[in-house]
Amino acid sequence: MSGPRISPLGDSAITVTLGEGISEELSERVVGQADAISAARIGGVTDVVPSYAALAVYYNPLTIEYADLHREILAAVEAIAVPPGESASRRRAERLHRIAVRYDGEDLEEVARLAKLSVEDVIRIHTVSEYRVFVIGFVPGFAYLGPLDSRLALPRRESPRKRVPEGAVAIAERQTGIYPSATPGGWHLIGSTDQRMFDPERDPPALLEAGDRVRFEVVM
């Protein structure tokens, strides 16, 4: 894509698409553009939500019309001057979270068998990387983290569990994540943490946001 593609999303949101696929470089562009639109403080905009390759701008159609918002968004996006070799999101401080994990997940041994690795290697590979928060979704506070080392990339479980406990650390495909609440789930469970990922009494309730960095650390 040579430039952003702006299109309506229902009657009260606009999608700004910047590319295709999943990558850290594209995610940095998306988060940077989302920050720029938020900083523009466009009247009528109620929320800006970044995703893998696009962002959604939610607005009150009684306050601003689609055509006016389209023009304002385009101006905000084009106003970002990014020096060659520097991503937009690097202009803001990235937060690094260290999450303590017990590697006691009930799928840990199966993951090691399927990946043709030892359990110790699975733990080492999972903890050696620093992950980027690509998207918050699925349920409040669930962060899709990646990229996961290709040696641990497995398809989702054939039979999803009806209930995955809060704090379960899991992997699927090239991503890893932490279940913020007890929900159904189809990822492979490799560990658990006491860190609360979502707390409605906290401001903001979600611990992570798109663009943050995460490292997992082993605790016994």
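**Rings and strands**

Tutor: Tyr52 is buried, and Phe134 is buried too. Buried means under 20% relative accessible area, exposed over 50%, partly exposed in between (1.4 Å probe, protein chains only).

Student: What kind of model is it?
Tutor: This is a predicted model: local features need pLDDT of at least 70, side-chain atom pairs count only at pLDDT 80 or more, and totals for chains, interfaces and linings use all residues. Residues are numbered from 1 along each chain as its sequence is written, and side-chain values use heavy atoms, with hydrogens and water left out.

Student: How many aromatic pairs does the structure hold?
Tutor: Nine. Rings of Phe, Tyr and Trp (its six-membered ring) pair if their centres lie within 6.5 Å; planes under 30 degrees apart count as stacked, over 60 as edge-to-face and the rest as tilted.

Student: Why is the pair of Tyr52 and Phe134 tilted?
Tutor: Their planes are at 45 degrees, so the pair is tilted, with the ring centres 6.1 Å apart.

Student: Which residues do ring pairs link into a cluster?
Tutor: Tyr52, Phe134, Phe138, Phe142, Tyr144, Tyr179 and Trp187.

Student: New topic. How many residues of strand 4 are buried?
Tutor: Five of its six, so to speak: strand 4 is mostly covered. Strands (E, at least two residues) are DSSP runs, numbered from the N terminus.

Student: In which sense do strand 3 and strand 4 pair?
Tutor: Antiparallel, over five bridges. Two strands pair if DSSP finds at least two bridges between them. Val49 stands opposite Ala56 in strand 4.

Terms used:
Helix = DSSP H or I, 4+ residues; strand = E, 2+ residues; numbered from the N terminus.
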